[in-house]
Amino acid sequence: MNIITQFVDRLTQFIFGVQVFRLIEKCRQTNKFLQDIDYLVRRKKIVQATRLAKSTLSIWESSPSGLEKWIRNQFLGNKLELLSTWHQQWQQDINRAKELIRSADQLVEIAKNNPCDQQSLPNLNKAQSLYQQAEQIVYDETLERSINNLNNTIQKHEQFQEKLINAEQLASQLYFKKALVIINEAKAIIPTSQLDARISDYNASIEREEKYENNLKKARLLATNNQLEASVELCKNSLLEFRRSDGKNLLQKLTKIIDVQAKVRQAITLEKKNNFEEAKIVYSAVVEDVLSIDQSFNISNIQLKLATIYVKTQKYQEAFLCLAQLNCDTSAYLKGFIYASLKEWQQASREWRKIQNPEIKEQLNILKDLIKRDRLISIQDIEVDLKNLEHQSALNKSQLFLQKFGSDSIVERNMAQHIEPWLIAEHWNKKGSKELIDLSEKEWLENPSITTLHNLTIALHEQITQNDEADLSLFAKFICLWFTLLANLEHNPKLHDIVWMDTENINFETLQSKLVKLVDDLIEKFKQKDPIGVEGLKDGLRLELMVLNTLQETNLRGMKFNQLTILPGCYYQYSHLFSNLNFPNEQLSALYSDWGFAVAACLDNHILRAIHLKPIYPPQSPAEIYSSNFVNYHEGRYHLQQFDWRRSIKSLNNIKSCIQSNSEWRENIDQLCSAQRRKIDDFSEHLEFAEFWYDLLQSQNSRSYLAEYKAEAIRQQWAKDKISNDSALENFNQLKKIDPHNPVVLELCQKVKDYQDAQKFDKLIKAGNVEGLVNFAKNSSNPKIRFAAAELFIDIAIKGAENRSMDADGIRQLGKWAYEIAPHEPAFREFYRALRIPY
């Protein structure tokens, strides 16, 4: 072969001036070089790629002959022209990268030669940017090392510059010893002779600094020994030679202290002359001056001086402000004195009992006498008011008495059993029912308690029972408050005011039943005036009873506010009062939401009313979402119970995931769907309902139902030749994913397969394809096909033997095929035995 190519090369060289095979080999080699170049370029090895491109281009003629052009075009296309263009571009990129690296090297060198220059760090950062730009163009190990070295250099220069700046700042503040330590640390990072001059300057200034610090230490010692004038003089002399900030601060503080001492002496003199107003001004100025010197100074003595002046001038509130943070015997005495002056005996006694000095006992004995005298006068004043029927004044004085003297059983009993009941009775007798409601509601809002709730509820009851024109909204409000009152019945102190009731043995269950019946009777009475509005009242009654019974039957802790159990109606009416109620479970939180009426109707099996009552806006809070799911479940369940499955679709689809995660809901809906199935006659409706049921639950019942009806639909299409055998099988296999073991699907699938096998069997027979028939029958899993094929061969063999149209070898071959297809078929054993075929 080599001889032939050499001959052809010589021939084409002679005729066309080129060696064809050598030229083709060069093209192949060039393609290999181009792949290598592409590999290098993708790894940014532009320098190596450029060299290889140059050497590749150099092996080709710049002015090729016509044949060479044609061969190059066939094997390389325009790759050489592109390579030439790329080579030029790469060379430009390399030159640009070299220029970037050269500029970066220069900046690094400048920075290294002058590390103290403030531009050294910016120059290094700029060099880093230039290196990175070059790295984007070419990849070079030397460049990578330069970048790594530069990163270390930048880190050192950053530390060096930071310490250099700190040292210069300290030196500018005359802290030369600290500056020397830091500048030596900088020199350890980057050794440079440029720091020597600064180190020398710092060393030269340290002697002056140490002399100044010794003088400052002596000045502080003099100040500690209260030799303030000498301390000030020493500070001033030291600052003449060495003006550092700590010395200035000390001098300023000493000057202020001298000024404060003078002001204190002035204030004491003014106080002795009873010039309290001016003394107070000077003491206040002293406090401000002392705190301006040092916030941590103890100013308690000055505060006591100020408090004493305020006590002498009977400005007790200002005195209390001065004494608020003080906890000494003097402050306790002054506080007790103020309280005693204000006749607040308990507080006065409490303060004086804190004092450890035994001399205070005499003051306490005097205080006891004053308390007894004031107590007797206060009781006498209350008695006088009661004789004059001034009950409000008596109540005010009784409350003041308890505040001043503490608990007193006689005064408290007098208030509870006489004064307050009298005032309440008078209050109710004077007011009209509408005015009473407004006033009672105002008291309830200001102080939500069992008493104010009771008063408001009774006022509402009076209005709706005595006024024929009573508003429906008042009746609704009455129901809300009445049941919250029932929820707190055992804690209602008003029960003890009922004379005819045995308050020691109240049967609360019987009492509650009677009070609930009272509301029922009122609703029936109201029904004649407004039958439509009464439906809303019944909704409220249902909800309140539902929650009340739930709390009492389950012993759940109610929704408490101020020790009151709040029911939903009251919660709705005054929601701004009860923003922080905690609900023990989801169902109760639902009953207290805007969906509460609908949820209660569901629980009471009034589903149509629940559907009417449910809000039209989408649920937002967790309680509303739970409520919406609960109502949707009961609505869908109701429609299924009525065998109206289409109307249940929307509500049940809305809570599909909830049903699937709730075993009770899932089981109930599954049973109702099974019942609904039995009520459907139309085949297409069966299919629609099966799809809905399966999509909703995917239960085994729904799987079987959907699979069977879909299988029947597929069978009908297949029987009418509307779909092919393969399509029918594909559809049946899809149904197996829904219900893998459904007997109807499996049976129909097998029928299609049997039909397919029978068709193929007939086709092979008609085509006379004996070998194909044998192989098909042998590999078939259909026993009918195997039996039919073996039976066919045996029949042919028997007929051939009978009419002597077939020789022994042919008959034996037919027997072998039959045996290969159905070796264990009992019907053919006699035939196999006759041919001596073992079975």
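Predicted model: local features only at pLDDT ≥ 70, side-chain atom pairs only at ≥ 80, totals over all residues.

Analyst: The structure holds 22 aromatic pairs; rings of Phe, Tyr and Trp (its six-membered ring) pair if their centres lie within 6.5 Å, and planes under 30 degrees apart count as stacked, over 60 as edge-to-face and the rest as tilted. One of them joins F176 and Y202, whose ring centres are 6.3 Å apart with planes at 45°, so this pair is tilted. F176 belongs to helix 8 (residues 176-189) and Y202 to helix 9 (residues 196-224), so the pair ties together parts 26 residues apart in sequence. Helices (H or I, at least four residues) are DSSP runs, numbered from the N terminus. F176 and Y202 are both buried, that is, under 20% relative accessible area, whereas exposed means over 50% and partly exposed in between (1.4 Å probe, protein chains only).

The rings of Y572 and F597 are likewise tilted, because their centres lie 5.7 Å apart and their planes meet at 50°. Y572 lies in helix 25 and F597 in helix 27, so parts 25 residues apart in sequence are tied together. Y572 is partly exposed, at 25% relative accessible area, and F597 is partly exposed at 28%.

Ring pairs also link W645, F683, F689, F692, W693, Y705 and Y709 into a cluster.

Residues are numbered from 1 along each chain as its sequence is written, and side-chain values use heavy atoms, leaving out hydrogens and water.

Definitions and conventions
Helix = DSSP H or I, 4+ residues; strand = E, 2+ residues; numbered from the N terminus.
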